[in-house]
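A short briefing follows it.

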Amino acid sequence: MFHRKAMSALLSIALLMVLVLAGCSSSTSSNDESASKDGDKTVIKFMHLWPEGSSKAQFTIVNDIIKQYEKDHPDVKVQTEILGNEQYKDKIKVLSASNELPDVGVTWAAGYMQPFVKGEMFAPLDDVIDSNFKDQFVAGTTEAFAIDGKTYGLPLELNITPVYYNKEIFEKYNLEVPETYDEFLTVVKTLTDNGVTPITLGNKDRWTGSMWYMYLADRIGGPEVLTNAINRSGSFEDPALVQAAEEIKKLVDMGGFVKGFNGLSNDEAKGYFMNEQAAMYLMATWELPNYTTSPDVTQEFKDKVGYFKFPTYEGGKGDINSYVGGPGVGLFVSEKSKVKEEAKDFVAYLVQEWGKNSVKDAGVIPATVVDTSNIELDQMYIDILNDLGEASNLTLYADVQMSSSVAQVHLDMIQSLFGGQATPKEFTAKQEQALAEEE
C-alpha cells in the first residue's frame, strides 16, 4: 500500500538514480533473444515486491493472475523475481544502471519515475490505456504516472483522504455530517464549547497538515490551483492559496486541533481518535482496515466510525467529489524489452484482474473503478468505492508533486503556518520563492 512516510526516501533514491543514469554508457540489454525464450514459449520477466512471507494476500492475488494468464496464453511463460520493498528499490537502481530492467516491474508515481523516463527506460503505455481501460481508471490516477503528456505506468493501488468521525460523539451533541465548510466550522465550535477535541492531527510529520491545506486550496480555488502553482503555470501567491492558508490559521485559532498537534506524530495523534478522545481524523484510506476488518480493533469501536467527504466552500470553485490522495504502486514495461508487446498485454491483464480482486482479497483499493453490486465487503469499503466511481479529480499529495528541496520548504512552512510562526502571506511567498528559484 502506498505509504507517505516512505515517499521522501523514494524521492531521494530517484535523485541518486539521476546521477547513476547520467554516468551510464549505453550498455547492451540482457534481454536478448535467448533470454526471451524458454523452448517454444515467450518469457516475460516480471519483478515485483510482494513476497509470500510479508505480503501474502498480494502475493496470492498476483500468483493466481499469472497462473490464469499462462493458462490462457500457453505460448507465454511469466518468470518472476520477488523481493521485499527495500531490496526491490535497491535492485531496480542497479538494473537501471546497466540497462537490464525486467520486461515488467513495479514503479511509484511522480518524482520517482523521472530518471527512468529521462533515461528512456520506461515504455509509454497510452496505447494500452486506450485499448483496454477507457474510463476504467479513477480520475487522476494515471495522470500521476504521466510525464510530458505520456503515461509510463499503470496504477494498481489508490488512496484517497476522507474525514473519519465518531458517530457517537456527533450524536451526543446533535451534530450532522457537514456538507459545507461553514457547517464544518459549526461542528468544530460546538465541540470546543463542550470541551471535546474536534480534530486530531499529528503535524510533527507535516504531510498530515499539508492534506488539510490541500483540501482548502482545492475547495476555494478549484482542483488545479495548487498543481498549477507547483508546475509553474500558476503562482503560489494566487489569492485562493493565500485564502486557504488564512482558513488554516482560523481553524487553529478556534481550537480545532488537538493540543500539542505540532509535536505529535501521526501515529500518536491517531491514538486520540482510536481512544475516542477526538471526534474527527483526516487520513487516507489505508486506515480503513482499522475501522472494518482488523482483528485488533473492537467491533464496538468500528461501529462508531463513519466518514464524510471534505466539505465544499461557499463561493469556492471546488467540487465535493474532488479528492486529495495518490496512487500507490503501478506497473511499468521496459522500453528495451525484446517482448514489449507481450509485456504490455500481460500488464493490461494483471491490472484488470487486480482491480477485480484486490479489495475483497487484500483490503487494497485499486486504481480502477470497482463494480460493488456483486461483491461482499464491509459497507465502508463499498461506500468509498462508490464514491471513487464518482470522483471528479484526484490531486496528488503536494510534497510528492514537488522536487525534494521544494517539498522540504513546503513541509517546513506547513508546520510554521499551523504553529503560528508564519503568516498566511509569508507561507505562500516562501513557497513561491522556492518554486521560482528552481525554474
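The points below cover salt bridges, a sheet and the surroundings of one arginine.

This is a predicted model, in which local features need pLDDT of at least 70 and side-chain atom pairs count only at pLDDT 80 or more, while totals for chains, interfaces and linings use all residues. Residues are numbered from 1 along each chain as its sequence is written, and side-chain values use heavy atoms, with hydrogens and water left out. Over the whole structure, a search finds 17 salt bridges (a side-chain nitrogen of Lys or Arg within 4 Å of a carboxyl oxygen of Asp or Glu). Helices (H or I, at least four residues) and strands (E, at least two) are DSSP runs, numbered from the N terminus.

**Salt bridge Glu168–Lys304**

- Glu168 and Lys304 form a salt bridge in which the closest N and O atoms are 3.3 Å apart.
- The pair ties together parts that are 136 residues apart in sequence, because Glu168 lies in helix α6 (residues 167-172) and Lys304 in the loop between α13 (299-302) and β12 (305-308).
- Glu168 is partly exposed, with a relative accessible area of 42%, whereas Lys304 is buried at 13% (buried means under 20% relative accessible area, exposed over 50%, partly exposed in between, with a 1.4 Å probe and protein chains only).

**Salt bridge Arg206–Asp412**

- In the salt bridge between Arg206 and Asp412, the closest N and O atoms are 2.6 Å apart.
- Arg206 sits in the loop between β10 (197-199) and α8 (207-221) and Asp412 in helix α17 (residues 404-419), so that distant parts of the chain, 206 residues apart, are linked by the pair.
- Arg206 is buried, with a relative accessible area of 18%, and Asp412 is partly exposed, with 36%.

- Arg232 and Glu432 meet through their side chains in a salt bridge of 2.5 Å, N to O.
- Since Arg232 is in the loop between α9 (225-231) and α10 (239-253) and Glu432 is in helix α18 (residues 424-438), the pair ties together parts that are 200 residues apart in sequence.
- Glu432 is buried, its relative accessible area being 13%.

- Three strands, in the order β8-β13-β15, make up an open sheet with mixed pairing (two strands pair if DSSP finds at least two bridges between them).
- β8 (158-160) and β15 (393-396) are the edge strands, each pairing on one side only.
- On average, neighbouring strands of this sheet are turned by 45° against each other, direction ignored.
- β8 pairs with strand β13 (residues 322-327) in the antiparallel sense over three bridges, and Leu158 stands opposite Pro327 in β13.
- Helix α8 packs on the sheet, touching β13 and β15, and its direction makes about 135° with that of β13 (axes are lines fitted to C-alpha atoms, for helices over the stretch in contact, and angles run from 0 to 180 degrees between N-to-C directions).

**Arg219 in helix α8**

- Arg219 lies in helix α8 and counts as buried, at 1% relative accessibility.
- A polar atom of the Arg219 side chain lies 2.9 Å from the backbone oxygen of Phe310.
- The Arg219 side chain also reaches the backbone oxygen of Ser322, at 2.9 Å.
- Not counting residues up to four places away in sequence, Arg219 touches residues including Pro311, Tyr313, Lys317, Asp319 and Ile320 (contact means heavy atoms within 4.5 Å).

Conventions: A polar contact is a pair of N or O atoms within 3.5 Å; within protein, one must be able to donate a hydrogen and the other to accept it, and residues adjacent in sequence count only if both atoms are side-chain atoms.
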